[in-house]
Amino acid sequence: MVKRNKNLARLVAGYLFPEINRRKKEFLKKNPDAKIISLGIGNTTEPISSYILNGLHGKVARLGTIEGYSGYGDEQGITELREKIAEKLYKGLVKGDEVFVSDGAKCDIGRLQTMFGNEVTIAVQDPSYPVYVDGSVISGVTGDFDEARGQFADIAYMRCCPENNFFPDLKALPRTDLIYFCSPNNPTGAVATREQLKELVEFARKNHSIIIFDSAYSEYIADPSLPKSIYEIEGAREVAIEVSSFSKPVGFTGVRLGWTVVPDQLKFDDGTPVRNDWNRVMTTIFNGASNISQYGGMAALEEEGLAEMRDKISFYMENARIIKEALKNKGVKIYGGDNAPYVWAQFPGRKSWDVFTEILEKCQIVTTPGSGFGPAGEGFVRFSAFGHREDFVEAVRRLEAW
Ligand SMILES: *Cc1c(COP(=O)(O)O)cnc(C)c1O
């Protein structure tokens, strides 16, 4: 018999989304005619727009020709795409050869955890996207789960709540090797200001820590004063890795395409570039993103593609506006939803799962209980702006009757 990896046994049972699905199925068993609207999972719903779709089609067609066929490509991605990402999305703040193209941001986070190994200490925002913690648990860096606190012993949790404007009190935070930071944030919809990110970069520089900055929603930022990338902050190139993705801006959640930026200046304590080890990890346990996806990504970064990207984002952000409007008169405190496709709704004095159940039973709407993202999410539920317009219109009707 094979011994089970004990780290996997330490994962907290009932991963959030399977648990939501279980409760949804249970509800449907008792109410088979219910027409459930899901505003829960952060998955895109709208079809891929035509110019970007053509980029995908074009490569598919060329794969059937002698001249257009390509097999394995560079594991780091097609040079033209890497350069386009650097130029169009980072305005030259990073170089093409610092961009490593991949099959998605989540997958890159997992591989970063492999690269850093199990002897690092970490800090995460509370609440946060589950892979920072759960991936770290699988890598064996977290210590045991403390039931009473609802937290792992060896993780520093950075509480982000309305009282601190969703930005952690860094003075109270111990030094850690890695700091995971997501802005615009999933689940809270909060976006860190330039001043806040300066503070974070200073903190990392002082402590010789590395920030893993998740900017999967950066294109949702409408306010021009808010930074879209950590590299807009001076000094970030020495202390930050940025992971990002085509999933949310152009609906490539199923197509799969993302990237990670590792700047040349980022070094380990022995003076070796982090970039070298990342290159080694990517060429060893990853074999390159799909060439079809990469051609779709290149189309997305041409002028027509970027215009389609902006349209798609406006569509989802209108959903966010609609849902915020509906929640206005419900005795609920509403956060997010302005520069991020998530509305973070606080129900003071109530438990997230109770609110989830009530909204499911009374409105047949599935939300995401905030407590599933960390203890500081208790009392909140997350409404996602991803969905068809008619579902939002219907959801509003039901919420108004609630
Ligand atoms: C959706 C999401 C991602 C995207 O992951 P992909 O693997 O690129 O689809 C990354 N980070 C956050 C916070 C997300 O919500």
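## Basis of the description

This is a predicted model, in which local features need pLDDT of at least 70 and side-chain atom pairs count only at pLDDT 80 or more, while totals for chains, interfaces and linings use all residues. Residues are numbered from 1 along each chain as its sequence is written, and side-chain values use heavy atoms, with hydrogens and water left out.

## Two domains

The domain assignment, which is automatic or taken from a database, gives domain 1 as 12-46 + 309-401 and domain 2 as 52-303. Taken over C-alpha atoms, the centres of domain 1 and domain 2 are 26 Å apart.

Counting contact as heavy atoms within 4.5 Å, 28 residues of domain 1 touch 36 residues of domain 2. The buried area, meaning the accessible area (1.4 Å probe) that two parts lose on being put together, summed over both, is about 2500 Å² between domain 1 and domain 2, and carbon and sulfur atoms give 66% of it. In domain 1, M309, N339 and F373 lose the most area to domain 2, together 26% of what that side buries.

## Charged pairs across the interface

With a salt bridge defined as a side-chain nitrogen of Lys or Arg within 4 Å of a carboxyl oxygen of Asp or Glu, the rule finds zero salt bridges between domain 1 and domain 2.
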